[in-house]
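Here is a briefing on ring contacts and pockets. Have the structure open as you read.

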Amino acid sequence: MKKLVLSITLAITSVAVFAQKEKFEAIMTEQAAAIQANYEGSYMPMANKMERIAGAEAKEWTPQYWSAYCLINETFKLKEAGEKDLLLEKAAVFIEKAEMLSPNNDEIEVLKAQYAMAKLSVDPMSRWQKYGADFQTALKRAEEINPENPRVPYVMGTNVFYTPEGFGGGQAKAKPYFEKALAKFSTFKSATVYAPNWGKEASNYFLSQIK
């Protein structure tokens with residue numbers, strides 16, 4: 001009888017765990033798709049949703065990643081330096097948690113490069129030395145972990161695109177990075193449907209802007 005009760009309990013537990021996983025995957029798939037398609041609107045509603053998911057799914061790195069991603073990208077829509085830094089401080093916490101859950105992750109390294117670029121953009125004159133170095137280090141690390149990640153050349157391309165020609169940037173120098181990113185996108189497959197898969201459409205857009 002005890003064995004039967006134990007077997008039933010284990011079966012019920014397994015079903016519950018499976019159902020919870022299915023629910024998690026479904027909501028993550030929906031939210032990740034919405035985030036990666038959000039070019040015009042505010043990222044904050046989705047950042048708040050991902051933060052709630054991250055709190056409920058403490059062992060999953062992707063909700064932490066997407067929370068930080070939304071906060072970082074929201075800063076590019078803001079004007080006030082103080083508001084930007086507040087969001088970036090919060091993003092840094094999510095990045096740290098994501099990295100603890102998934103060490104040596106190329107996608108997190110790319111996100112760290114984006115974070116560094118956002119911090120630098122708040123005050124380029126006083127921050128270029130620290131965050132410029134952090135940006136390069138993170139992208140180099142991402143490429144070492146996964147040379148086929150298309151977001152590495154894409155993020156580098158956006159950085160070069162917006163860097164003045166007098167400082168080594170410009171559209172002409174950015175073009176090869178976007179072309180390289182698109183070549184990698186042609187064969188890239190994300191680990192899950194809700195894992196990072198952004199950058200392809202934006203790469204095409206930037207190329208269309210380059211004369």
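In this predicted model, the charged end of Arg151 sits over the ring of Phe188, 4.7 Å from the ring centre.

**Aromatic pairs**

- The count of aromatic pairs is 16.
- One of them joins Tyr43 and Tyr69, edge-to-face, at 6.3 Å centre to centre and 80° between the planes.
- Tyr43 lies in the loop between α1 (2-36) and α2 (44-56), and Tyr69 lies in helix α3, so this pair ties together parts 26 residues apart in sequence.
- Both Tyr43 and Tyr69 are buried.
- Tyr162 and Phe206 have ring centres 5.9 Å apart and planes at 85°, an angle over the 60 degrees required, so they too pair edge-to-face.
- That pair links distant parts of the chain, with Tyr162 in helix α7 and Phe206 in helix α9, 44 residues apart.
- Is Tyr162 buried or exposed? Tyr162 counts as exposed because its relative accessibility is 60%, and the cut-off is over 50%.
- Phe206 is buried, because its relative accessible area is 7%, and buried means under 20%.

**The ring cluster**

- Ring pairs link a set of residues into a cluster, among them Tyr43, Tyr69, Tyr162 and Phe206.
- The cluster also takes in Trp61, Tyr65, Trp66, Tyr154, Phe161, Phe178, Trp198 and Tyr205.

**Largest pocket**

- The largest pocket holds about 1400 Å³ of space.
- Its lining has 39 residues, and Phe76, Met117, Thr158, Asn159 and Tyr162 lie nearest the centre.
- Two or more lining residues come from each of α3 (61-75), α5 (106-122), α6 (124-145), α7 (151-162) and α9 (200-209).
- By type, the lining of the largest pocket has 23 nonpolar, 13 polar and three charged residues.

**Second largest pocket**

- The second largest pocket has a volume of about 160 Å³.
- It is lined by 14 residues, with Trp61, Glu107, Ser190, Ala191 and Ala195 closest to its centre.
- Helices α3 and α5 each supply at least two residues of this lining.
- The lining of the second largest pocket divides into six nonpolar, five polar and three charged residues.

Definitions and conventions: Residues numbered from 1 in each chain as written. Predicted model: local features only at pLDDT ≥ 70, side-chain atom pairs only at ≥ 80, totals over all residues. Heavy atoms only, no water. 1 Å grid on protein atoms, 1.4 Å probe; cavity = no way out; pocket = protein on both sides within 12 Å on 5 of 7 lines; lining within 4 Å. Points joined across faces, edges and corners; volume = space filled by probe spheres on them. Helix = DSSP H or I, 4+ residues; strand = E, 2+ residues; numbered from the N terminus. Nonpolar A, V, L, I, M, F, W, Y, C, P; charged D, E, K, R; others polar. Phe/Tyr/Trp six-rings, centres within 6.5 Å; stacked < 30°, edge-to-face > 60°. Buried < 20%, exposed > 50% of the residue type's maximum accessible area, 1.4 Å probe, protein only. Lys NZ or Arg CZ within 6 Å of the ring centre and 35° of its normal.
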